[in-house]
Amino acid sequence: MGYLSRAQKALKSSNFLYFSQTSSKFSWLSALLGSNPLYGSPNCRHFGLSQPFCSHSRQNSKENVIDLNQYPPELIRNFSIIAHVDHGKSTLADRLLELTGTIKKGHGQPQYLDKLQVERERGITVKAQTATMFHKHNFHGADKNDTHEQPSFLLNLIDTPGHVDFSYEVSRSLAACQGALLVVDAAQGVQAQTVANFYLAFESNLTIIPVINKIDQPTADPDRVKAQLKLMFDLDPKDALLTSAKTGQGLEQVLPSVIERIPPPPGNSSSPLRMLLLDSYYDEYKGVICHVAVVDGVLRKGDKISSAATGQTYEILDVGIMHPELTSTGILLTGQVGYVVSGMRSTKEARVGDTLHHNRSVVEPLPGFKPAKHMVFSGLYPADGSDFEALNHAIERLTCNDASVSVAKESSTALGLGFRCGFLGLLHMDVFHQRLEQEHGAHVISTIPTVPYIYEYSDGSKVQVQNPAALPSNPKKRVTACWEPTVLATIIIPSEYVGPVITLCSERRGQQLEYSFIDSQRVFMKYRLPLREIVVDFYNELKSMTSGYASFDYEDSEYQQSDMVKLDILLNGQPVDAMATIVHNLKAQRVGRELVEKLKKFIDRQMFEITIQAAIGSKIIARETISAMRKNVLAKCYGGDVTRKKKLLEKQKEGKKRMKRVGSVDIPQEAFHELLKVS
Amino acid sequence: MRVAKLNILPWAKLNGCHDDVLLYPRPTSRSDNIRPFIRSPNYILHYQSINKMLKSTFAPIFSAFPAKHRTRQPSSTAVFRVFAHTPESVQQNASANSHTSILPPYLFHPTSAYVHLPFCRKRCHYCDFPIVALGSSSTQIDDDPRIVNYMQLLSREINATRPGTTTNPPLETVFFGGGTPSLVPPSLVSSILETLRLKFGLCLDAEISMEMDPGTFDAKKMKELMDLGVNRVSLGVQAFQEELLKACGRAHGLKEVYEAIETVKSCGVENWSMDLISSLPHQTPEMWEESLRLTIEQQPQHVSVYDLQVEQGTKFGVLYTPGEFPLPSETQSADFYKMASRTLSDAGYNHYEISSYCKSGFECKHNFTYWKNEPFYAFGLGSASYVGGLRFTRPKKMREYMGYVENLENGSVGCNENIHIDGKDMAMDVVMLSLRTARGLDLRSFAEAYGDSLVHSLCESYRPYVESGHVVCLNEQRRALAADEFNSVLFKEDKDQAKMAYIWLSDPDGFLLSNEMISLAFRVISP
Ligand SMILES: Nc1nc2c(ncn2[C@@H]2O[C@H](COP(=O)(O)OP(=O)(O)OP(=O)(O)O)[C@@H](O)[C@H]2O)c(=O)[nH]1
Ligand SMILES: C[S@@+](CC[C@H](N)C(=O)[O-])C[C@H]1O[C@@H](n2cnc3c(N)ncnc32)[C@H](O)[C@@H]1O
Ligand SMILES: [Mg+2]
C-alpha cells in the first residue's frame with residue numbers, strides 16, 4: 001500500500017492555518033489523506049489521444065442522448081452536501097434536482113436520493129448518492145434573458161449521510177469533489193457533525209460554501225450561526241447563503257455560488273486515463289456497477305481497463321452518468337463523475353479507492369482511501385438454526401453493497417455457525433441488520449456488540465479479542481495487561497446542561513480534554529472516552545438528559561490500559577458463549593445484574609426451572625431463577641372442533657420456532673436483542 | 001370372497017392389482033410424500049380385524065384397536081383392501097377372512113354423528129360456542145319458531161349430506177351438543193333421530209348422548225328423551241357454589257342442580273356425566289374440593305373437568321386475564337387440576353383423557369372417535385365434521401349456515417373429489433388427539449403410517465421429558481420403560497425396537513403440560 005504511506009506524509013506536511021487542533025483529526029476516518037488527489041497529478045504521461053474525440057453514438061442512437069463532449073472540465077463542478085444529521089442535506093438536494101429539471105417537482109418522494117428502505121423508514125441517509133445535473137449559467141452578470149448564450153454546466157452533486165457512523169461515506173464522496181455545501185440548521189447552529197464534516201472537507205482542501213438552511217423556522221437565528229461559523233471555522237459571514245429547502249427561499253443563489261466559487265476539476269484531459277473507484281454495488285440485472293471519478297483522460301465504452309490494486313483487466317460494457325438514474329453516455333471525460341459496468345463478477349473485485357486505468361498504460365496510482373475502521377464487532381447468527389446457508393448468502397449479497405462491514409465465519413456452541421462482523425458503529429450495525437432482513441429476508445440473532453480489546457499474557461504474547469467468547473474464562477496463562485480502544489469525542493451542548501453531561505462522561509470513565517464556549521449559550525467539549533462506554537447507549541442518554549439538544553461525534557484514538565474482565569452468563573449452570581461480554585471490573589457487578597434481570601424478563605417459563613447466573617471466572621455475581629411452567633393445557637376439546645385447537649398449538653409451535661434453543665432452554669430472539677441494550 | 005376389479009382407481013393400475021388385493025406402496029419415511037386420498041365416494045374402504053365379531057347387521061366392525069388384534073403386514077407394503085358395494089358378500093366373508101389390512105382410521109366410514117342444538121336461555125360468561133340465546137322470557141319454548149325452523153334446517157342438512165347409501169355402516173354414536181339441547185322439545189329431537197336413522201342407519205345399541213342443563217327439563221321430558229333412545233346424559237353443573245354459578249352467568253342455581261341430578265337418577269339413566277369447570281373467578285381450593293366431593297357423592301359414571309379457558313370476546317375475556325386475580329394463579333390452577341385427578345382417581349374414576357374421568361367401561365364412545373382420529377359426521381350451526389379425511393366447520397352465523405344448507409341441497413357445495421390429505425397434517429392430528437388420552441400414541445401404527453424415522457425423532461425430542469417424567473414410554477405389555485431403558489432402545493444399544501409400543505403423557509404432570517409436548521411434536525413433524 002505504497003500510496004497510503006505517501007499520503008500519510010502528505011497529510012503531515014499539509015499546512016492547516018486555522019486551528020491547531022485539527023491536525024490530529026480523523027486518524028481513521030479521514031479517507032482523503034493529504035491534499036486532494038484530484039488536484040494536479042504530477043507525472044502525467046501523454047497518451048496520444050487528443051480530447052474532443054467524437055463518439056459518434058457508439059451505443060445510443062436515441063435522441064436526447066447527452067453528449068458529454070460538450071463539457072470540458074471548465075464547465076464541470078463537483079460538490080458534496082455535508083452537514084450534521086437532519087440539517088436538511090437530502091431535502092436541499094431534492095430542491096437542486098428540481099431546479100435543474102433533473103427530477104420533476106412534486107414527483108417522486110421527498111429525499112429522492114434516499115433510496116434504501118432503511119433510509120426511508122428512518123428518515124436518514126446512510127449511503128452517499130451522486131446525481132448529475134445540468135444548469136445554464138452566465139458568469140458575472142451577462143444578459144440572463146439570452147438563454148442561447150448561456151453556457152450549460154455539468155454539476156455533480158453528492159448527498160452524504162450526517163450520522164457519525166457513516167462519515168466514511170462522506171470522506172469517500174469528498175474525494176470526487178472540489179467543493180462542499182456545508183449546511184447548517186439556522187436554529188440549531190453548529191453541531192458536532194458540522195464540526196467533523198467541516199474538517200473532513202477542509203483537510204481535503206475543498207472550497208466550502210456555508211449554507212444556513214431552514215431559515216423559515218420561527219426560531220431561526222442566521223446571524224448567530226454566522227458568528228459561530230466565523231469563530232469556529234473562520235468562514236466569512238458574507239459568504240454564507242441563507243436558504244430554506246422547505247419554502248425554496250434563497251435557493252436561486254446556490255447553484256450560481258457553486259459554479260462561481262468552486263474550482264473546476266483539475267485533471268488533465270490529454271493524460272492517460274486515471275479514475276478513482278468511489279463506490280460499487282450489485283445490481284440484479286447489470287451486475288457490478290462502479291461509481292467512478294475520471295481524474296485524467298477519457299473513458300469510452302469498449303475500452304479495456306485495469307485495476308491498479310489487483311491488476312485485473314476488464315472491458316467497459318456500459319458507461320454513463322447518474323441523472324439521477326443510470327443514463328448511458330458512452331463516454332466519461334476528465335473531471336466527470338459517473339458509473340461503469342465492466343463485467344466484474346463480484347463487488348469484491350471493486351476495491352473502493354482503487355485506481356482504474358487503461359490496459360497496458362502505466363500510471364501513478366491515485367492516493368485512494370484509508371480502509372474503514374471497524375469500531376464494534378458482533379456475532380450474527382441465523383435466527384432459525386438451519387438457515388446458515390441462507391444467512392451466508394444474504395450477507396454475501398449485502399456486503400456487495402456495503403463493503404464497510406468486515407465478515408468472518410465463527411461458531412458458537414450456543415448458536416451454531418455464524419459470522420463475526422465488524423461495523424463502523426452501532427447505527428451501522430443496526431442498519432446492516434435491517435437491510436439483511438428487509439432486502440434479503442434473513443432473520444438474525446446478534447450477540448452483544450463488543451469493541452476489540454488487546455490482552456497480554458504472562459508469556460508476553462498479545463491477542464486481539466473481537467469476540468468475548470474467545471477469551472478463556474479461566475485462562476491457563478495469566479493475563480498481565482489489557483488494553484481497550486478509546487475515542488476522542490466532541491460534544492456540543494447548551495451551557496445549562498454542562499453539569500449532568502460532565503457527570504455522565506465521568507461515569508463513562510471519560511477524561512476531559514477541552515472545554516470552550518462557541519457562543520454565549522453553547523459549550524464545546526472534547527473528551528477521551530473508552531469506546532466500549534459510548535458504543536451502546538451513550539448518545540441516547542446524552543440526548544435524553546439534554547432534551548435532545550446535545551450533539552455528539554467521535555473519532556477513534558489510541559488504546560489505553562484498563563482493568564477489563566470477562567463476564568459469563570450461565571443458563572442452568574452452562575455458560576452461554578454467545579452471551580459473554582467484556583466489562584470494566586468496577587462495572588461488572590452492575591452489568592451482570594442487569595443482564596440477568598433482562599434475561600429473566602424475556603425468557604418465558606419452561607417445563608423445567610431455569611437458573612440464570614452472571615459470573616466472572618468461577619465467581620457468581622448475580623443470579624435469578626425462572627420457576628417451571630405449571631400448566632399449559634387445552635382442557636376444552638369439544639365437539640370435535642380439532643381445527644381450532646390445532647391452530648392454537650401450531651401457533652405455539654411457531655412461537656417456539658422463533659426461539660433459539662440453548663441447552664434445554666428456549667430463548668426468544670427478543671432476549672438477545674434486549675441484551676444488546678445493556679452497557 | 002368376491003372383490004370387484006378396480007380399474008378406475010389410478011393408483012390401482014399404477015401399482016398393480018393382484019386379484020382382490022391392491023398393493024399400495026407403503027409411505028416412505030418422508031412424511032411429506034404421503035398423500036393418501038379417496039378418489040371416489042363410491043368405494044368403501046374397509047379395515048377388518050380378524051378376531052372381531054360382527055356387531056351390526058350391515059358391515060364389519062370399523063375399529064382400529066386394540067392394536068394387538070391387527071395382523072401386521074410385510075414391512076414394505078401395506079395392503080389396502082377395497083370392496084365394492086356388496087354388503088352380503090362382505091358380511092359373509094368378513095369374519096372368516098384372513099386377509100386383513102391396516103387402513104388409516106380416517107378412511108373408515110363415519111359411524112358417529114354430532115348434532116348441534118344451539119339454543120340457550122342466555123349466554124354464560126365464559127362461553128364462546130355458536131349459540132342462540134332465546135331469552136328467559138320465552139316460556140312457550142315448545143313451539144318457538146326459531147327452534148322449529150332450525151330443526152327443519154337441520155333435517156335438510158342431514159338429508160342433503162352425501163354419501164347416502166343404505167350400505168353405509170349404521171351410526172354407533174350420536175351426540176346432541178349445544179347450546180342446551182335439553183331446551184329442544186323431545187318431539188323435535190325425535191324427528192332428527194328419525195332422519196338420521198333413515199339416512200345412515202342407527203345401531204340398536206348406539207350411544208346417544210345429550211347435553212342437558214339443570215332447570216331445563218323435568219322427569220317427563222327426561223323419560224320422553226329416553227324413550228327416543230337417549231341413553232347418556234351430560235349434565236352441565238359447572239360448580240356446586242351458588243356464588244360461582246352466578247358469577248358464570250348460569251341460568252340456574254344450586255337447587256336446580258340437585259333437582260336435575262335427582263331427575264336423571266330417578267328416571268334410571270344408567271350412564272350420566274357431570275361437567276365441572278375449574279379455575280373459575282373467585283374459586284378457592286376449598287370450593288373446588290367441595291365441588292369434587294359433592295360430585296363423587298352423586299356417583300355419576302362419568303365426570304368431565306374443564307379448566308376454564310378465557311376466550312376472546314366473552315364477558316370473561318373482557319374482564320379477566322388468565323393467572324391474574326380474581327382468577328387463580330397458574331400454580332393454583334395447576335393444583336386444581338392435580339386435585340381433581342387425585343380425588344377422582346381415589347374415588348374409582350379412570351382419568352382416561354385430559355379432562356375426562358369415568359368408571360370402568362363408561363368412556364364416552366362418541367368422544368373417543370375424535371381422539372382416535374376417526375371420522376364423524378356433524379350437523380348444525382358451527383359444527384365440525386371429519387369425513388373422508390377432510391375436516392370442515394360449518395358457518396357459525398345462522399344466516400350463513402342457512403345458505404350453506406341450501407348450497408348443499410342444490411349441490412354447489414358437497415363432497416370434494418380428489419381431496420389431498422397432507423401427511424404431515426394427518427400425523428399432527430394423530431399425535432395431538434392421541435396424546436390427550438391415557439392410551440397414548442401407538443408408536444407402531446404411527447411408524448407404519450409415517451415412517452420409523454419420524455417416530456425416532458419424536459422419541460428423541462421427548463427424551464428429556466421421559467427423564468423428567470412428563471412422558472412415559474410403554475412396551476407392548478404396557479409396562480413403562482425406565483429412562484435409561486428408553487435411551488438404550490433409542491440409541492440402538494438395545495435392538496429390540498418393539499419395546500417401544502406407546503407413548504403417553506403422565507397424569508397429572510404430563511397432561512398439565514400437554515400443549516408443550518404436543519407443540520414439540522408438531523415441530524418434529526413439520527419443522
Ligand atoms: N422547516 C424546514 N424543514 C426542513 C428544511 N430542510 C429540511 N427540512 C426538514 O428537516 C428534516 C431532515 O431533512 P433531511 O433532508 O432528511 O436531512 P439530512 O441532513 O439529509 O439528514 P441525514 O441524511 O439523516 O443526515 C426533514 O423533516 C425535512 O423535511 C427547511 O429548509 N425548513
Ligand atoms: C357446549 S358446553 C355447554 C353445554 C350446556 N349448555 C351446559 O351448560 O351444560 C359444554 C361444556 O363445556 C364447558 N365449557 C364451555 N365453555 C367453557 C370454557 N370457556 N372453559 C372451560 N369449559 C367450558 C362447560 O363445562 C360446559 O358444560
Ligand atoms: Mg439525508
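## Basis of the values

In this predicted model, local features need pLDDT of at least 70 and side-chain atom pairs count only at pLDDT 80 or more, whereas totals for chains, interfaces and linings use all residues. Residues are numbered from 1 along each chain as its sequence is written, chains are lettered from A and ligands numbered from 1 in the order in which they are written, and side-chain values use heavy atoms, with hydrogens and water left out.

## The interface of chains A and B

On the side of chain A, 29 residues are in contact with 47 residues of chain B, contact meaning heavy atoms within 4.5 Å. The two chains bury about 3,900 Å² between them, 56% of it on carbon and sulfur atoms; buried area is the accessible area (1.4 Å probe) that two parts lose on being put together, summed over both.

Six salt bridges are found across this interface, the criterion being a side-chain nitrogen of Lys or Arg within 4 Å of a carboxyl oxygen of Asp or Glu. A:Lys646 and B:Asp425 meet through their side chains in a salt bridge, at 3.4 Å from N to O. Helix α14 (residues 642–657) of chain A supplies 11 residues, the largest share of the side of chain A that touches chain B; helices (H or I, at least four residues) and strands (E, at least two) are DSSP runs, numbered from the N terminus.

Ligand 2 lies between chains A and B. Of the 18 residues around ligand 2 (a heavy atom within 4 Å), those that come nearest are B:Gly179, B:Asp213, B:Gln238, B:Arg250 and B:Asp275.

An oxygen atom of ligand 2 lies 2.8 Å from a polar side-chain atom of B:Asp213. For B:Gln238, the distance from a side-chain N or O atom to an oxygen atom of ligand 2 is 2.7 Å, and for B:Asp275 the corresponding value is 2.7 Å. Taken alone, ligand 2 exposes 550 Å², of which the protein buries 97%, with accessible areas coming from the Shrake-Rupley method with a 1.4 Å probe.

## Backbone features

Most residues other than glycine have a negative phi, and most peptide bonds are trans. B:Gly179, one of the residues that come nearest to ligand 2, is joined to B:Gly178 by a cis peptide bond with omega of about 10°, and B:Gly179 lies in the loop between β9 (171–178) and α4 (186–200) of chain B.

The peptide bond from B:Asp507 to B:Pro508 is also cis, with omega near 5°. In chain A, A:Asn205 is not a glycine, yet has a positive phi of about 60°, and A:Asn205 is found in the loop between α5 (192–203) and β5 (207–213).

Conventions. A polar contact is a pair of N or O atoms within 3.5 Å; within protein, one must be able to donate a hydrogen and the other to accept it, and residues adjacent in sequence count only if both atoms are side-chain atoms.
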